[in-house]
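Please read the following note with the coordinates open beside it.

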Amino acid sequence: MARIAIGGFQHETNTFASAPGTFEEFVKPGGWPGLTRGEAIFDTFATNTLPIAGFIREAARRGHALVPLTWAMAVPCGRVTDDAFERISAMIVSDLAAQTPVDAVYLDLHGAAVTDSHEDAEGELLRRVRAVIGPDTVLAASLDLHANVTDLMMRDADLLTAYRTYPHVDTAETGARAAALVDDQLNGRPRRGKALRKPPFLIPLTAQCSLVEPTRGIYASFAAIEARTGASLSFTPGFPPADIHDCGPAVFAFAPDQARADAAADAVLQQVLDAEPAFGDEILAPGEAVRRAVAIAGRARKPVVLADTQDNPGAGGSSDTVGLIEALIAGGARGAVVGVLYDPECASLAHAAGIGAELDLALGGKSQMPGQRPLHGRFRVKALGDGRFVARGPMLDGAAMQLGPMAVVSHVDGASEVDVVIASARQQPYTQSIFRHLGIDPAAQKILALKSSVHFRAAFQDIAEQVLVVAAPGVNLADPRDFAYRRLRPGVRRRPGAA
């Protein structure tokens, strides 16, 4: 039996977003638990499906003693403040120092966190942990599929393994895989060979979905390559809204020796390079998307889903732009539901007015994103909720959601029928429970407009007649060529196939 210290730090940083990742953002719960320290980690993640939960269960099954440190996550936004990073990393490091010696350390990381002072927050955290435990203690971490992987991460970690699905339905499985890899290392089966490869182009988020080609085929090839080489493989398509040197996709391998690590990484790299022309997706302007959706909905038996990708809160979007809502109203859409709009002020006004009341609202547009403004109109309150429910579905099943006061308001104009789901916390709709909590059956709608890029597909693709990706206003630009990069390393194409 080994003593394994466990903790985590999760943030996906959109450096083009203005709202900072303050310490308070990590403390408060929302779609994920708030900052958790010490023994409370075991209760918090007992039924959770995040990576640390999968690691806990698998490591315990293998008979190891777990030493809890600190775990924290915040909804994607702008850069993490130095105050937040220093306070959280100090908790992890000091908790670890108080518990040494340990046989191994596991960290539940994202891989795309950027702070005021560190482009590679996870690499810096791994460096600090390594300084505490020394060169001989096993240091492992799991990463998000959207990690921007760096040399520093590879240098200080003995093992890294990333999600293999987008939508992320394998988070607990990834944590369990990390536990198995640590167990191998502790039982004399080390993977000392390391290889990192960086394809020379960026991949848009909407083109990274593992439900379709080419990403699906790349992950499907892992089993044969791992069996042949003894490597543990990962492919992270990257997080484009990050103006850092190492932004972009990565292939990495940990194997019994360097030759096998190189062979495994090179095999996957070649697949990614060969697939470059296939990493694409049709992106529609709001008016055209609504026109198509209305036409399709008129003959369909299932909802048409509009993915409001550029205002996706899961990629740092403010989740309060109203461009797609305006297009639905202007296009005369009927049977349309939009979710989830972040507007605590309007949620509060709806609760004060009560179900059935009509009131004038300045809906959304409060994030001060340049060029954006609220949608002023008359709305009827259709439903109210407290934002507390358990998420059900393929992604993060069992997560306790705490989204604050929620409301459904319907735009009153006679020419359209557009309902808007409002929450008091930013949350991507990866589960139908967000709507069912308010009495809405998603499958019974004509049009569903979802502030999400890909995660919505876990719960909504099977009920959709068709999915249309929309470029309405938001900071998560659908085409990486539109980002004003200043720090991206030379020679990286900003979109597959671009010159």
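The numbered points below begin with the basis of the values and then go through the sheets and the charged residues.

1. This is a predicted model, in which local features need pLDDT of at least 70 and side-chain atom pairs count only at pLDDT 80 or more, whereas totals for chains, interfaces and linings use all residues. Residues are numbered from 1 along each chain as its sequence is written, and side-chain values use heavy atoms, with hydrogens and water left out.

2. The mixed sheet is open and has 6 strands in the order β2-β3-β1-β4-β5-β6; helices (H or I, at least four residues) and strands (E, at least two) are DSSP runs, numbered from the N terminus, and two strands pair if DSSP finds at least two bridges between them. At its edges lie β2 (36-37) and β6 (159-162), each of which pairs on one side only. Within the sheet, β4 (residues 104-109) and β5 (residues 138-143) pair in the parallel sense over 5 bridges, and Asp 108 stands opposite Ser 142 in β5.

3. Helix α5 (residues 121-133) packs on this sheet, where it touches β1 (3-10), β4 and β5, and its direction makes about 165° with that of β4. Here contact means heavy atoms within 4.5 Å, while axes are lines fitted to C-alpha atoms, for helices over the stretch in contact, and angles run from 0 to 180 degrees between N-to-C directions. Helix α7 (residues 171-186) lies across β1, β4, β5 and β6, and runs at about 160° to β6.

4. The antiparallel sheet is also described as open, with 3 strands in the order β7-β9-β8. Its edge strands, β7 (193-197) and β8 (232-236), each pair on one side only, and the twist from one strand to the next averages 10°. Over 5 bridges, β8 pairs with β9 (residues 250-255) in the antiparallel sense, and Leu 233 stands opposite Ala 253 in β9. Helix α10 (residues 258-274) lies across β7, β8 and β9, running at about 20° to β7.

5. Which side chain of opposite charge is nearest to Asp 246? Asp 246, found in the loop between β8 and β9, is buried yet has no salt bridge, and the nearest such side chain is that of Lys 198, 4.2 Å away. Buried means under 20% relative accessible area, exposed over 50%, and partly exposed in between (1.4 Å probe, protein chains only); a salt bridge is a side-chain nitrogen of Lys or Arg within 4 Å of a carboxyl oxygen of Asp or Glu. Leaving aside neighbours within four places in sequence, Asp 246 is in contact with Asn 148, Val 149, Thr 150, Lys 198 and Arg 489.

6. Arg 457, in helix α15 (residues 457-460), is likewise buried without a salt bridge, and Asp 281, the nearest side chain of opposite charge, is 4.8 Å away. The side chain of Arg 457 does make a polar contact with the side chain of Gln 461 (2.6 Å); a polar contact is a pair of N or O atoms within 3.5 Å, and within protein one must be able to donate a hydrogen and the other to accept it, while residues adjacent in sequence count only if both atoms are side-chain atoms. Not counting residues up to four places away in sequence, Arg 457 touches Pro 167, Cys 209, Leu 211, Val 467 and Val 469.

7. Arg 216, in helix α8 (residues 215-220), counts as partly exposed because its relative accessibility is 42%. The side chain of Arg 216 reaches the backbone oxygen of Leu 211 at 3.0 Å.

Notes. Lys, Arg positive; Asp, Glu negative; His and termini not counted.
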